[in-house]
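Here is a guided walk through one protein model and its ligand. Keep the 3D view open and follow the residue numbers as they come up.

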Amino acid sequence: MDRRSSKIFSKIIGIGSYMPEFRLTNSRLEELVDTSDEWIVKRTGIRERRIAMGKATWEMGLAAAQAALADAGLPGEDLDLILVSTVTPDSLTPAVSCVLQDKLGASHAAALDLNAACSGFVYASDVADSYIRAGKAKHVLVVSTERLSGITDYTDRSTCVLFGDGAGAVVYTASEEPCGILSTYMRAEGSLGQSLFAGALPSEPDPLTGDRTIPSNYRFLKMAGSDVFRFTATAVPESIDNALSRAGLEAGDIDWFVLHQANLRILKMVTDRYGLDPEKVYVNIDRFGNTSSASIPLCLAEMKEKGLLKPGQTIVASGFGGGLTYGAIVIKL
Ligand code: COA
């Protein structure tokens, strides 16, 4: 599929983020579970993560959305579509996207939430791109907002050291310039779904395990970390290789690799696999931990703030996680 056959491109015109102030440090986690700063840093690269402390998922998403719209210089009423990716919506209905549609005064916008876990931002960007290229939307807001602290079990050392809260947002607009999203590649491996599980509505028997008793920690994230790690070793390069080849590019043509921040070792694996200058692989997992779908737009917002993003540069962004899902997009600024 040649994604460049259409004359319309989805160009990024605004990026924003919101990070809660409260920092949960490794030393604080040492007081909660049997872990150590040394283990966490060595095995994950994480030093601290932010915790929402009472802020709702929609509130973080709204702040990120407002920042992205301000960056774009676009009023909410000009939006045609609002896509929110989250695994931690405040309510099953209304969707977070509908709350934002109201708060942003986006009176002409359709709104929908999308759950592709940590791949949510790349999946939502793919949907945004499809609407724009089909001529169904001119301006699309993608918001990735996650309050993982709400589904984290702070007695489980294998997961509680990993996750944090935050939100990031991007505004895409239809453009005739050959820039913006150049290609996308999305996949899922549902057969591995149980390796990263968080319950929603309990059903009996549980559709995945067949269990008839619903445990009290049903809503908490449970992860078979090494299984997911093994999956990323093939899924991440597969998504990057395919997105690059669909864009007619090679790794050497890319200015920035912006990957889901799940583990520093995964970022290093990609750096080695493509023989990259480590400076080209953006890292903020040390300060924010794993914020699921928010992690890629958070990186983009931080890179923009630091003046690292320049017109004409090309980025490959790759997301992977619950579902299991994975995917990558190539974007020219
Ligand atoms: N502190 C200290 N020890 C810990 C620990 C912690 N916080 N968490 C786990 N351990 C222990 C385990 O109990 C195990 O001990 P044992 O050998 O005595 O049984 C040992 O460390 C190794 O555990 P393991 O799970 O094999 O560690 P790992 O090296 O695989 O690292 C992850 C765990 C979760 C960091 C890693 O598997 C990972 O990053 N997986 C991928 C995550 C991902 O990509 N997610 C996708 C999106 S969410």
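Start at Pro94, which sits in the loop between strand S4 (81-85) and helix H4 (96-103). The model is a predicted one. A cis peptide bond joins Thr93 and Pro94, with omega at about 5°. Leu324 belongs to the loop between S12 and strand S13 (325-332).

Met53 has a positive phi, near 45°, and is not a glycine. Find Met53 in the loop between strand S3 (48-51) and H3. Is Met53 buried or exposed? Its relative accessible area is 56%. Exposed means over 50%, so Met53 counts as exposed. Ala117 also carries a positive phi, about 45°, without being a glycine. Ala117 lies in the loop between strand S5 (110-114) and helix H5 (120-133). Here the relative accessibility is 11%. The cut-off for buried is under 20%, so Ala117 counts as buried.

Next, step back to the overall layout. The domain assignment gives domain 1, residues 3-178, and domain 2, residues 182-332. The C-alpha centres of the two domains are 14 Å apart. How many residues of domain 1 are in contact with domain 2? There are 54, and they meet 48 residues of domain 2.

The ligand comes next. In total, 25 residues surround the ligand. The closest are Thr35, Arg43, Arg157, Gly225 and Asn263. By class, the shell holds eleven nonpolar, ten polar and four charged residues.

Look at the polar pairs in turn. In the side chain of Thr35, an N or O atom is 2.7 Å from a nitrogen atom of the ligand. Arg157 uses its backbone: a polar backbone atom there is 2.9 Å from a ligand nitrogen atom. Taken alone, the ligand exposes 960 Å², and the protein buries 71% of that.

Which elements give two or more residues to this shell? They are helix H2 (37-44), helix H6 (157-160), helix H7 (225-247), helix H8 (264-273) and strand S12 (314-321). H7 gives the largest share, five residues.

Now turn to some single positions. Thr57 is in helix H3, which spans residues 57-72. The relative accessible area of Thr57 is 0%, so this residue is buried. Which residues does Thr57 touch, leaving out those up to four places away in sequence? The set is Thr86, Thr88, Asp90, Val96, Thr145 and Arg147.

Ser149 lies in the loop between strand S6 (139-147) and H6. Its relative accessibility is 17%, so Ser149 counts as buried. Setting aside neighbours within four places in sequence, Ser149 is in contact with Ile51, Ala52, Tyr154 and Asp165.

Leu182 is in strand S8, residues 180-188. With a relative accessible area of 11%, Leu182 is buried.

Finish at Asp211, in the loop between strand S9 (196-197) and strand S10 (222-223). Asp211 has a relative accessible area of 41%, so this residue is partly exposed. Not counting residues up to four places away in sequence, Asp211 touches Pro205 and Asp206.

Conventions
Residues are numbered from 1 along each chain as its sequence is written. This is a predicted model: local features need pLDDT of at least 70, side-chain atom pairs count only at pLDDT 80 or more; totals for chains, interfaces and linings use all residues. Side-chain values use heavy atoms; hydrogens and water are left out. Helices (H or I, at least four residues) and strands (E, at least two) are DSSP runs, numbered from the N terminus. Buried means under 20% relative accessible area, exposed over 50%, partly exposed in between (1.4 Å probe, protein chains only). Contact means heavy atoms within 4.5 Å. A residue is near a molecule or strand if one of its heavy atoms lies within 4 Å of it. A polar contact is a pair of N or O atoms within 3.5 Å; within protein, one must be able to donate a hydrogen and the other to accept it, and residues adjacent in sequence count only if both atoms are side-chain atoms. Accessible areas come from the Shrake-Rupley method with a 1.4 Å probe; for residues, only the protein chains shown count as cover. Ala, Val, Leu, Ile, Met, Phe, Trp, Tyr, Cys and Pro count as nonpolar, Asp, Glu, Lys and Arg as charged, and the others, Gly among them, as polar. Domain bounds come from an automatic or database domain assignment.
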